[in-house]
Amino acid sequence: EFIVDVVCTIFRPRRLLQKLDPEEVECPQIGRYELPQVKVPNIPLEDLLTFRGMDTDFPCLTRNKATGPEPQYGKIVSGYKTFSTGKPFFLKYNGAVLPELNVAYETWGKLNADKTNAVLIHAGLSASSHARSHEDNPDPGWWERFVGPGLAVDTDEFFVICTNNLGGCYGTTGPSSTNPLTGKPFATTFPVVSVDDMVSAQFALLDHLGIDKLHGSVGSSLGGMESLTAAALFPDRVGRMVSISSCAQTHPSSIAVRYLQRKCIMCDPNWNKGHYYDKKYPKMGMKLAREIATMTYRSGPEWDDRFARKRIDETKPVTLCPTFIIESYIEYQGEMRWTFLTSLRVTITYKKA
């Protein structure tokens, strides 16, 4: 039989400080959570007199912050327009079809008379349609410094459009959307989407707006893949293409990392086969997935320059929880609150795309 013995074996080896229920730990927002990984043997007190080991209280496993920093694209619930196809939308893989498709989008600037000055901005992995502030939503957008009067994407000259990608959770149809046939969220019944599908949804919007040809298509990261795909799928409808920090297709190493991220979430006890809406969500799995993702967003030389091998506190004992500043940074990224509200869906949906 095992119990969790929180023993200060380094400083007070004779004293048994606390006993906790080995099965569950109370965590903010997710309630009681099973943590079998913190179980340790019940070491007899006499053995502790000749043994000096490590404190088995692992706060990096049991602490769950209730709040965290909110990026500018952290929570978009209004300020966008919505286009509905009003008919089934067919997807690339598995013969899948959605009963209908809603696309959330925002615009800046003015469309000229012959509709030839439109520029389509493709959002990145976690971004919404809110690339820049406007009257309906004055909050700064995720490309606030690049879109606007006199900026790189000049709204005095161009009619700028940005959509929330297919499968997102900022107004466009996605896993959290209600299936009109069931009245319940699609959840994991939502089809597997491809970058081709995301672009096709955007061009359905362009058809609705009466725009036959884009002056330009631009995006970074996932948006860069979409921009490239737009030019490939609709060469006669894209005048210019810009793809930033992106690629034509995902490399095997990235496919492997994305698989591990999804698996972290799917192995969480609260995964519930993706039907976690209005229930406990798989926070611990999502946190780990986000921490893994952070490693892919930075380079080795940058880690050396920013963190090197610096410790958080040279006076504290070395434990299995963060000792180095880089470890603390990774944990901080995993605890960002927007991750659990947003990236849970996009990690499952977009990273497969």
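Modeller: Helices (H or I, at least four residues) and strands (E, at least two) are DSSP runs, numbered from the N terminus. On that basis the protein chain has nine helices and 14 strands. The model is predicted, so local features need pLDDT of at least 70 and side-chain atom pairs count only at pLDDT 80 or more, while totals for chains, interfaces and linings use all residues. Residues are numbered from 1 along each chain as its sequence is written, and side-chain values use heavy atoms, with hydrogens and water left out.

Two packed helices are described by the angle between their axes and the distance between the axes. Helix H5 spans residues 252–266 and helix H6 residues 283–296; they pack at about 165°, with axes 7 Å apart. Axes are lines fitted to C-alpha atoms, for helices over the stretch in contact, and angles run from 0 to 180 degrees between N-to-C directions. H5 and H6 are therefore roughly antiparallel, a term for angles over 145 degrees.

In contact (heavy atoms within 4.5 Å), Val257, Arg258, Gln261, Cys264 and Ile265 of H5 meet Gly285, Met286, Leu288, Ala289, Ile292, Ala293 and Thr296 of H6. These residues divide into eight nonpolar, three polar and one charged; Ala, Val, Leu, Ile, Met, Phe, Trp, Tyr, Cys and Pro count as nonpolar, Asp, Glu, Lys and Arg as charged, and the others, Gly among them, as polar.

The loop between H5 and H6 holds Tyr277. Tyr277 is buried, because its relative accessible area is 16%, and buried means under 20% (1.4 Å probe, protein chains only). Tyr277 and Ala187 are 90 residues apart in sequence, yet 8.0 Å apart in space, C-alpha to C-alpha.

Notes. Angles under 35 degrees count as roughly parallel, over 145 as roughly antiparallel, 65 to 115 as roughly perpendicular and the rest as oblique. Buried means under 20% relative accessible area, exposed over 50%, partly exposed in between (1.4 Å probe, protein chains only).
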